[in-house]
Amino acid sequence: MRKQERIAKILELLDEHYSVQKKCWLEYETPWQLLIATILSAQCTDARVNIVTKDLFKKYPNLQAFAEADLKELEQDIHSTGFYHNKAKNIIACAKKLVEEQVGEVPSDIDVLTKLPGVGRKTANVIRGNIYDIPSIVVDTHVGRISRKLGLTKNEDPVKVEHDLEKCLPKEHWILWNIQIIAHGRTICTARSPKCKECFLKPYCPGCEKGEK
C-alpha cells in the first residue's frame, strides 16, 4: 500500500473512533487564558493545569493582573505544574508584552506569537488552531511518538516533526491530528505499554510489531 493510501486509511479510522470536533483538553474562556494554560502545560498534564487554572484565573482575572503579579507569589500559585520559576517569569513577561504591545489581544501571527516570552511553536499552534481556526499541527509528546511509530516522520525535534506532518497530512486534518492522537495515546498507544493487539491502526502501523502487548 502506498504511503498516501495508508495515511488516508489511518485518518478514516481515527475519525471513526474519535471525535471529529475540534476540542481542546485545556479549560479556558478567553484567548489569553488558553495562552497561559498552554504555557503551564509544558511538562505537566492537562488535568493538573485545569485544577490550577480554576483558582488562578479567579485570582488574576485579566492580563493586567498577571502583568502586575508578584513573581514569588505567582510561583507558589503554579508550583504544582512544575518548572514554576521559569513559567511564572514567562507568564508575567508575556502578559506585560501583550498589554503594552498588543493592546491586551492575543495575536494570530505565528512569528508574533513565538516572540512572546514562554511561547514556542507548540503553544503558538494551540492558539492558532483553537482560537483562530487556522490549520496548525501541535506536536506534543503523544503526537511525536505516535507519528514516528506510524512511519510519518523519523525526526525527534518537534519543529521537524511538524513540518514532516504538514507535508503528508491533508490540511483540513491538521488540527484534528493532535486531538485524535492524544486520545489514542492516552487509551491504546500508551508510551509504557502500547496495546498493539487491540489497536485498530495495527494493519497500517509499521511500529506495531515493537509493541509488547
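The structure holds nine salt bridges, where a salt bridge is a side-chain nitrogen of Lys or Arg within 4 Å of a carboxyl oxygen of Asp or Glu. This is a predicted model, in which local features need pLDDT of at least 70 and side-chain atom pairs count only at pLDDT 80 or more, while totals for chains, interfaces and linings use all residues. Residues are numbered from 1 along each chain as its sequence is written, and side-chain values use heavy atoms, with hydrogens and water left out.

One of the salt bridges joins the side chains of E12 and K9, with an N to O distance of 3.5 Å. Because E12 and K9 are three residues apart in helix α1 (residues 3–17), about one helical turn separates them; helices here are DSSP runs (H or I, at least four residues), numbered from the N terminus. E12 is partly exposed, at a relative accessible area of 38%, and K9 counts as partly exposed at 25%, on a scale where buried means under 20% relative accessible area, exposed means over 50% and partly exposed lies in between (1.4 Å probe, protein chains only).

A further salt bridge brings together the side chains of K59 and D77, at 3.1 Å from N to O. K59 lies in helix α3 and D77 in helix α5 (residues 71–77), so this pair ties together parts that are 18 residues apart in sequence. K59 is partly exposed, with 39% relative accessibility, and D77 is likewise partly exposed, with a relative accessible area of 25%. The pair also belongs to a network of salt bridges that links K59, E73 and D77. Elsewhere, the side chains of E156 and R148 meet in a salt bridge at 3.6 Å, N to O; here E156 is exposed, with a relative accessible area of 59%, whereas R148 counts as partly exposed at 25%.

What is the count of disulfides? If a disulfide is taken as a pair of cysteine sulfur atoms within 2.5 Å, the count comes to zero. For C24, the closest cysteine sulfur is that of C44, and at 14 Å it is too far for a bond. C199 is in no disulfide either, since the nearest cysteine sulfur, that of C189, is 6.3 Å away. C199 counts as buried, at 15% relative accessibility.

The pockets come next. On a 1 Å grid over the protein atoms alone, a pocket is an open set of points with protein on both sides within 12 Å along at least five of seven lines, and its lining residues have an atom within 4 Å of a point. Grid points are joined across faces, edges and corners, and a volume is the space filled by probe spheres set on the points, the probe being one of 1.4 Å. The largest pocket has a volume of about 1,000 Å³. Its lining comprises 44 residues, of which S41, A42, K122, D140 and T141 lie nearest the centre. The elements that give two or more residues to this lining are α2 (31–40), α6 (84–101), α8 (121–130), α9 (141–149), α10 (158–168) and α11 (174–187), and α8 gives the most, with seven residues. By residue type, the lining of the largest pocket divides into 16 nonpolar, 17 polar and eleven charged residues, where Ala, Val, Leu, Ile, Met, Phe, Trp, Tyr, Cys and Pro count as nonpolar, Asp, Glu, Lys and Arg as charged, and the others, Gly among them, as polar.

The second largest pocket has a volume of about 190 Å³. It is lined by E27, Y28, E29, Q33, N50, T53, K54, F57 and K58, and the largest share of this lining, five residues, comes from helix α3 (residues 46–59). The lining of the second largest pocket divides into two nonpolar, three polar and four charged residues.

N178 lies in helix α11 and is buried, with a relative accessible area of 11%. Leaving aside neighbours within four places in sequence, N178 is in contact (heavy atoms within 4.5 Å) with V138, D140 and V143. L201 lies in the segment after α11 and is buried, at a relative accessible area of 1%. Not counting residues up to four places away in sequence, L201 touches I10, L13, L14, L150 and H184. The C-alpha atoms of L201 and L71, which are 130 residues apart along the chain, are separated by 46 Å.
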